[in-house]
Amino acid sequence: MGVPVAGMDSLRDRAAMMRESLQKSHTITDKVVSILGSFDHRLSALETAMRPTQIRTHAIRKAHENIDKTLKSAEVILAQFDLSRQAEAKILKGPHEDLESYLEAIDQLRSNIRFFSSNKGFKSSDGVLNHANNLLAKAISKLEDEFKQLLSSYSKPVEPEHLFECLPNSLRPSSGSPGHQGTTGGKHASPTNHAENQSSNLETAVYIPPTLIPPRILPLLHDLAKQMVQAGHQQQLLNIYRDTRSVVLEESLLKLGVEKLSKEDVQKMQWEVLEAKIGNWIHFMRIAVKLLFAGEWKVCDQMFEGFDSLRDQCFADVTASSVLVLLSFGEAIARSKRSPEKLFVLLDMYEIMRELHPEIITIFKGKACTEIRESALGLTKRLAQTAQETFGDFEEAVEKDATKTAVTDGTVHPLTSYVINYVKFLFDYQSALKQLFEEFDTGNETVSKLASVTMQIMQALQTNLDGKSKQYKDPSLTHLFLMNNIHYMVRSVRRSEAKDLLGDDWVQRHRRIVQQHANQYKRNAWAKILQCLSVQGLTSSGGGSSVGGDGGSSSSGASRALIKERFKTFNMQFEELHLRQSQWTVPDTELRESLRLAVAEVLLPAYRSFVKRFGPLVESGKNPSKYIRFTAEDLERMLGEFFEGKTLNESRR
């Protein structure tokens with residue numbers, strides 16, 4: 001089917017209109033593009049024309065900003081110059097009048113140096129820095145002088161009286177003692193003195209270290225020290241402090257009575273002099289450590305707060321010389337020739353070193369004080385070792401004592417009383433001995449160790465006494481001597497702390513030994529005379545006359561001559577016994593009475609019986625008083641004179 005012509009025309013017309021519209025659109029677009037291109041050209045030209053103006057405006061703005069910054073920097077620099085001038089004026093004036101302002105000026109000067117060091121671009125910064133550093137060096141030099149002058153002004157030796165006031169009441173020496181020295185230093189003067197000191201040690205002892213430098217001055221010294229450390233003058237600071245304070249400390253000890261004694265000096269001294277000096281040394285050690293060294297540590301700790309290593313070094317340097325003087329005396333004693341009497345002073349010295357050990361560890365802490373701590377500990381161990389060796393020497397000396405001191409009356413030998421007092425005295429040192437044994441015998445109980453040592457000493461004494469008893473020619477005196485001495489040992493032990501240590505078994509065993517010797521004495525001394533009172537051998541053998549009737553049956557067959565001989569022999573022997581044994585001594589009253597009674601209980605009944613039975617034979621003859629010279633009462637009275645230790649002349653009266 002074909003398309004109508006009219007329709008075709010219509011489509012053609014529309015297509016023609018569309019072409020026309022498109023053509024117009026292209027024309028308009030070209031014109032717009034042309035116009036826009038013209039604008040772009042004009043804008044580019046305008047921008048080119050405006051660029052110089054923009055550059056000039058930006059440069060002006062930057063210049064203004066730089067001017068502002070420069071002005072501000074100049075203000076800061078000028079302010080630093082102003083502060084520097086103010087600081088310089090104060091520094092040139094010196095620290096003496098206003099130390100606080102002087103220290104502030106140094107801090108400001110350091111701040112200026114830091115400022116100019118960080119602003120090297122400043123044209124004159126090098127010159128400013130050189131001037132500031134030179135000024136700071138002068139300031140620190142003046143500061144050193146001020147520190148030295150201030151420290152010296154307030155560093156004075158401490159008077160002994162002031163130190164004594166810092167001690168607990170129980171340890172203060174009496175005002176009447178010579179030089180106030182050593183009155184409570186040692187405990188070796190007597191057991192009572194030791195016990196009193198032990199009880200006083202149980203008190204809560206308060207030690208108040210003296211004020212060595214006024215509290216108001218310490219902060220100033222601290223600030224000065226801080227500035228010197230910051231300036232790198234640490235060594236100069238240490239030298240000044242050591243040279244000033246060490247001399248003052250030594251002078252304080254010298255005023256107290258401390259002497260510099262060499263080992264040779266100690267060895268030349270008489271024991272009495274040396275013993276007194278040891279007592280003083282103990283006193284001095286307590287004062288030095290608990291008061292002077294403690295006070296010195298307090299000063300160091302406050303003055304060098306924040307500088308621990310410097311503090312420790314300063315304290316070590318200040319105290320080293322004084323500590324050496326004190327410890328060297330102790331070393332000289334510990335290394336001197338051993339002797340029994342030195343044991344107790346060695347224990348006294350050992351005790352004080354043990355007492356001071358916690359303070360020494362606390363005060364002399366730090367690496368710088370290592371040598372001082374080790375020296376103190378070394379002395380403690382040396383004293384312990386010497387004391388133990390002296391202990392061993394004593395036991396050996398007791399057993400081997402060969403003194404020829406004879407006790408002719410059989411009394412307690414000086415060796416016995418010496419050893420027993422020695423042993424009793426040991427118990428006043430139980431605490432020290434316990435520590436002493438712990439130093440060397442960690443495996444044993446210290447109490448049993450002390451008991452063992454005590455028993456060994458007692459046994460050594462008995463061994464020696466057995467040997468000495470053999471010097472007597474009379475066996476009865478031998479047993480009387482041993483009875484006296486062992487009884488003295490038993491009685492002394494029973495009345496002392498040794499009883500708890502040695503035990504009841506030891507006491508009972510030795511009491512039996514005393515009784516055995518008493519029995520042996522009676523047998524040896526009285527057996528012969530008792531034989532005279534025996535009826536044995538009195539029967540008639542055909543010789544001489546015998547008596548019957550008046551004599552009764554009790555004397556039947558007895559020879560008058562034999563009876564007379566018996567009485568004569570008895571009289572002679574009893575008088576001899578009385579003469580000799582009234583010179584013998586039994587010092588213990590109870591033992592003496594007991595021994596007399598034991599003799600009387602045997603002798604008097606036998607004598608009464610003999611006189612009653614055989615007396616009539618003699619009484620009926622001539623001179624009966626020649627044979628029956630004593631009544632039983634006479635014998636009893638004369639027995640009361642036995643063992644009194646009378647002289648020969650007294651015995652003959």
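The legends below describe close-up views of a predicted model.

**View 1. Helix 7 and helix 9 pack roughly antiparallel to each other.** Helix 7, which covers residues 234-256, packs against helix 9 at an angle of about 160 degrees, and the two axes lie 11 Å apart. Because angles over 145 degrees count as roughly antiparallel, helix 7 and helix 9 are described in that way. The crossing of these two helices is right-handed. On the side of helix 7, the residues that meet helix 9 are Tyr 241, Arg 245, Leu 249, Ser 252, Leu 253 and Leu 256, while their partners in helix 9 include Phe 284, Ile 287, Leu 292, Phe 293 and Glu 296. Sorted by class, the contact of helix 7 with helix 9 is made up of 12 nonpolar residues, one polar residue and two charged residues.

View 2. From helix 6, Leu 218, Leu 221, His 222 and Ala 225 take part in the contact, and they meet Val 299, Gln 302 and Met 303 of helix 9. By class, this contact of helix 6 with helix 9 has five nonpolar and two polar residues, and no charged ones.

**View 3. The buried residues of helix 20 line one face of the helix.** In helix 20, which spans residues 632-639, the buried residues are Ala 632, Leu 635, Met 638 and Leu 639. When one looks down the axis of helix 20, these buried residues fall within an arc of 125 degrees, and so they line one face. As a general rule, an α-helix has 3.6 residues a turn, so residues three or four places apart point the same way. The buried residues of helix 20 pack against helix 17 (498-532), helix 18 (560-581) and helix 19 (589-619).

**View 4. Gly 645 sits in the loop between helix 20 and helix 21.** Gly 645 is partly exposed, with a relative accessible area of 34%. Leaving aside residues up to four places away in sequence, Gly 645 touches Ser 582, Gln 583, Trp 584 and Thr 585. The C-alpha atom of Gly 645 is separated by 9.6 Å from that of Arg 580, although the two residues are 65 residues apart along the chain.

Methods: Residues are numbered from 1 along each chain as its sequence is written. This is a predicted model: local features need pLDDT of at least 70, side-chain atom pairs count only at pLDDT 80 or more; totals for chains, interfaces and linings use all residues. Side-chain values use heavy atoms; hydrogens and water are left out. Contact means heavy atoms within 4.5 Å. Helices (H or I, at least four residues) and strands (E, at least two) are DSSP runs, numbered from the N terminus. Ala, Val, Leu, Ile, Met, Phe, Trp, Tyr, Cys and Pro count as nonpolar, Asp, Glu, Lys and Arg as charged, and the others, Gly among them, as polar. Buried means under 20% relative accessible area, exposed over 50%, partly exposed in between (1.4 Å probe, protein chains only). The arc is that of the directions from the helix axis to the C-beta atoms. Axes are lines fitted to C-alpha atoms, for helices over the stretch in contact, and angles run from 0 to 180 degrees between N-to-C directions. Angles under 35 degrees count as roughly parallel, over 145 as roughly antiparallel, 65 to 115 as roughly perpendicular and the rest as oblique. A crossing is left-handed if the near helix is turned anticlockwise from the far one by less than a right angle, and right-handed if clockwise.
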